[in-house]
Amino acid sequence: MTAADERRRRMRPFGPGGFDRAAARDLPPGPSWPALAQTVALLRFRHQFVPALHKRYGDVFTVRLMPDGQPLVLFTRPEHAKEIFAGDPEVFHACKGNAILGPIMGEHSLLLQDGAEHNRARRLLMPAFHGAALRGYESVVTRLARQEVARWRPGVPFRSLDRMRALTLEVVLRVVFGVSDESHLARLRPLVARTVDVSPLVLIGWGIPVLRRLGPWKAAVDDQRALDAVLYAEIAERRAAADLHVRPDVLSRLICGPDDQALSDQELRDQLVTLLLAGHETTATALSWSLYELARDPVQLRSARAAAAEDDRDHLEAVLKESMRLHPVIPMVVRHLMRPATIGGVDLPAGANVGPSILLIHARDDLHRDPGSFRPQRFLDGEVATNTWIPFGGGVRRCIGAGFSLMEGVAVLREVLLRFDLALPPGPADHPRVRNITSVPRHGARIVVQPVAGP
Ligand code: HEM
């Protein structure tokens, strides 16, 4: 078997023959429904299904997934999350769970690698997501946020999720891709917007050659070709840019990495698309929940506005963190066991999938006082213990964009709060809806704004 065959085998989502059926019989309890019903319940109704399983089966339970009943064991205690995050990366693989994104992100994507390959890619990407680099991006994010909120119309209710999606997309184009030329941006915007909107159905059928010549699959393949052409042209232009070494965007930083480990054009393309898909909707969702929670709580809004006026970043960051605790954007992270392992005293066979339930860990009342309330102060008072707040996952796979999204979120909240008072328009309360792997506000986190007097 070639290395490429081996990689394809590993990436097959819930592929056949991947687990030891005899050993899988002794796993923690869980529903005995057919795998199809459990898969649909987990993917479409996770906000009802997963809490119900916790109530019924306790802190560790098993769901069985399509196509062949492969087990996914979910853990809800922080010490178990810690064990999973600290697990040997050669045993606790992650790429299989992301395999569905393979056709679009490309084989070099950080999300689709494990072991040594993942380690290398991570080391090359990391410097573009740390301290000084993050500070370098902030002024562009602030300018884009200022331009966005300047367009908001006072007194007219709107879906903050839509506005945050538009803004975070612009941030990706300018700060991650580093594109500033208006004609390039005009070409990229629709292509990138269509790429992030590709449906799971299209992704599932992408690998089937006959489908790639039909309807939505053909359109997606054509879009991808067009996007790739623009990205490769952008990469070539950037490599030749005289000011490459002083440009503050992520792509330029990646090109300027160590000479002996330079990323190829294809690697750069795959990582750019990965950063786009991983970083855009997630941050937009966290921001829209933050605006929604502030709009419905005048006391929290007042203190957040005071924090914006004083440039109290810790407080604004606490607002974001609390909204991600209350409304986790990604409900769980999954690892695929390459060898048998023991977690929380439970022996698990090779081939099982395991993961901490972010949703349940964030909602436990033995870990978070009054977990259903929106109280950013808990992050400022040091109430939130390690591994009880895990919206970015953990261990060697912890979200590489965590610092980036907090920097971006703080800058955006500050610009909104310096300019506007927020309120909820009449209408139903919002609640989470499943959208691909993320959970977004069902009604788009509608808000209404009024200008505040003076700066
Ligand atoms: C609120 C915003 C965000 C949330 C909630 C979020 C959440 C996550 C989670 C849960 C993971 C999986 C971690 C694990 O398996 O343990 C992840 C991975 C990742 N995220 Fe984020 N993310 C956010 C923003 C971003 C941004 C802004 C970027 C980049 C610009 C980004 C890039 C990535 C990448 C590349 C990975 C894969 C890391 C790896 O496998 O080594 N994310 N993210």
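**Around the ligand and across the sheets**

Colleague: Hi! By class, how many nonpolar, polar and charged residues does the shell around the ligand have?

Modeller: The shell has 15 nonpolar, eight polar and three charged residues. Here Ala, Val, Leu, Ile, Met, Phe, Trp, Tyr, Cys and Pro count as nonpolar, Asp, Glu, Lys and Arg as charged, and the others, Gly among them, as polar. Keep in mind that this is a predicted model, where local features need pLDDT of at least 70 and side-chain atom pairs count only at pLDDT 80 or more, while totals for chains, interfaces and linings use all residues. Residues are numbered from 1 along each chain as its sequence is written, and side-chain values use heavy atoms, with hydrogens and water left out.

Colleague: Got it. Which residues come nearest to the ligand?

Modeller: Of the 26 residues around the ligand, the nearest are His-118, Arg-122, Arg-335, Arg-397 and Cys-399; a residue is near if one of its heavy atoms lies within 4 Å.

Colleague: And which protein atom is the donor to the iron?

Modeller: The SG atom of Cys-399, at 2.2 Å, is the only protein donor of the ligand's iron atom. Donors are N, O and S atoms within 2.8 Å of the metal (3.2 Å for Na, K and Ca), and water is not among the atoms, so sites may look incomplete. Cys-399 sits in the loop between α18 (377–380) and α19 (402–419). Helices (H or I, at least four residues) and strands (E, at least two) are DSSP runs numbered from the N terminus.

Colleague: What about His-118, how far is its side chain from a ligand oxygen?

Modeller: An N or O atom in the His-118 side chain is 2.7 Å from an oxygen atom of the ligand. Arg-122 also has a side-chain N or O atom 2.7 Å from a ligand oxygen, and for Arg-397 the distance from a polar side-chain atom is 3.0 Å.

Colleague: Switching to sheets: what is the order of the five strands?

Modeller: They run β1-β2-β8-β5-β3 in an open sheet with mixed pairing; two strands pair if DSSP finds at least two bridges between them. β1 (60–65) and β3 (92–93) are at the edges with a single partner strand each, so one side of each has no neighbour in the sheet. Helix α3 (residues 35–44) packs on this sheet, touching β1 and β2 (70–75), with contact meaning heavy atoms within 4.5 Å. The direction of α3 makes about 115° with that of β1; axes are lines fitted to C-alpha atoms, for helices over the stretch in contact, and angles run from 0 to 180 degrees between N-to-C directions.

Colleague: How many bridges join β5 to β8?

Modeller: Two, and the strands run antiparallel. His-336 has Asn-353 in β8 as its bridge partner.

Colleague: And the three-strand sheet, what is its order?

Modeller: β4-β12-β9, open and antiparallel. β4 (158–159) and β9 (420–423) are the edge strands, each pairing on one side only. Phe-158 stands opposite Ile-447 in β12.

Colleague: Last one: how many residues lie between β10 and β11 in their hairpin?

Modeller: Two, and Asn-436 in the turn has a positive phi of about 50°.

Note on methods:
Polar contact = N/O pair within 3.5 Å; in protein donor to acceptor, adjacent residues only side chain to side chain.
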